[in-house]
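Here are my notes on the charged pairs, written for reading with the model open beside them. Have a look at the structure first, then go through the points.

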Amino acid sequence: MTLWRTLSLLWARSVAGLIGLTLLASCFPMDAEEELREELKQFVYLAQTRRFESQATCTAAIFDLAGTGVRSEAVRTVSNVRAGLKLVQEGRAVAFDVPGLTPNMVSEQMMSINLYAGMGLISSFVGPSLACMDDQFQVDAYYALMSQDTLTIYDPTMNAIMLLHRPRQLLFFMRGNV
């Protein structure tokens, strides 16, 4: 057997192996519910899980809350977008509690100041909406996204956005691999 033929066979087997591993990896969800709950307990006061969907590329969940506050040890609450953006750029989790702004408005302001950081926040919402949310979940999450009564929590290290809707004491969690 020639060197060229041996290298070709090795390359073909390597490619086939990588394809197999990729297909296998796509079968596993991004998050397990209990592990995600443990992760989120550092940010908010969780109660029960209402909805949970996780696939290889995204996770979307809705949780009841035992309270509408955030745990200040893990997340810094800011009252203006620029202060929050500075923390996001440092890789820190931020709760945007900006009077008069919806989470959608917060993301728009972030994008106008720093497109990259703003796109990171919004992609955490858009990515999961395509694969991990059914129609009703999308409607409910959209309502929270457009409400001034919703606090936005963004963790750039987790690539996750959390919408804490105070009147209904709900937390919408969305994470994608984008």
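**Notes on the salt bridges**

1. Start with R51: this residue is partly exposed, at a relative accessible area of 29%. (Buried means under 20% relative accessible area, exposed over 50%, and partly exposed in between, with a 1.4 Å probe and protein chains only.)

2. Before going on, a word on the source: this is a predicted model, where local features need pLDDT of at least 70, side-chain atom pairs count only at pLDDT 80 or more, and totals for chains, interfaces and linings use all residues. Residues are numbered from 1 along each chain as its sequence is written, and side-chain values use heavy atoms, with hydrogens and water left out.

3. R51 pairs with D134 in a salt bridge, with the closest N and O atoms 2.5 Å apart. (A salt bridge here is a side-chain nitrogen of Lys or Arg within 4 Å of a carboxyl oxygen of Asp or Glu.) R51 sits in strand β1 (residues 44–54) and D134 in the loop between α5 (115–131) and α6 (135–145), so the pair ties together parts that are 83 residues apart in sequence. Helices (H or I, at least four residues) and strands (E, at least two) are DSSP runs, numbered from the N terminus. D134 is partly exposed too, at 38% relative accessibility.

4. How many salt bridges does the structure hold? There are seven.

5. Another of them joins R175 to D31, with 2.8 Å between the closest N and O atoms. R175 is in strand β7 (residues 170–176), and D31 is in the loop between α1 (3–25) and α2 (33–40), 144 residues apart. Both R175 and D31 are buried. A network of salt bridges links D31, E39 and R175.

6. Finally, K86 and E90 meet through their side chains in a salt bridge (3.0 Å, N to O). E90 is partly exposed, with a relative accessible area of 44%.
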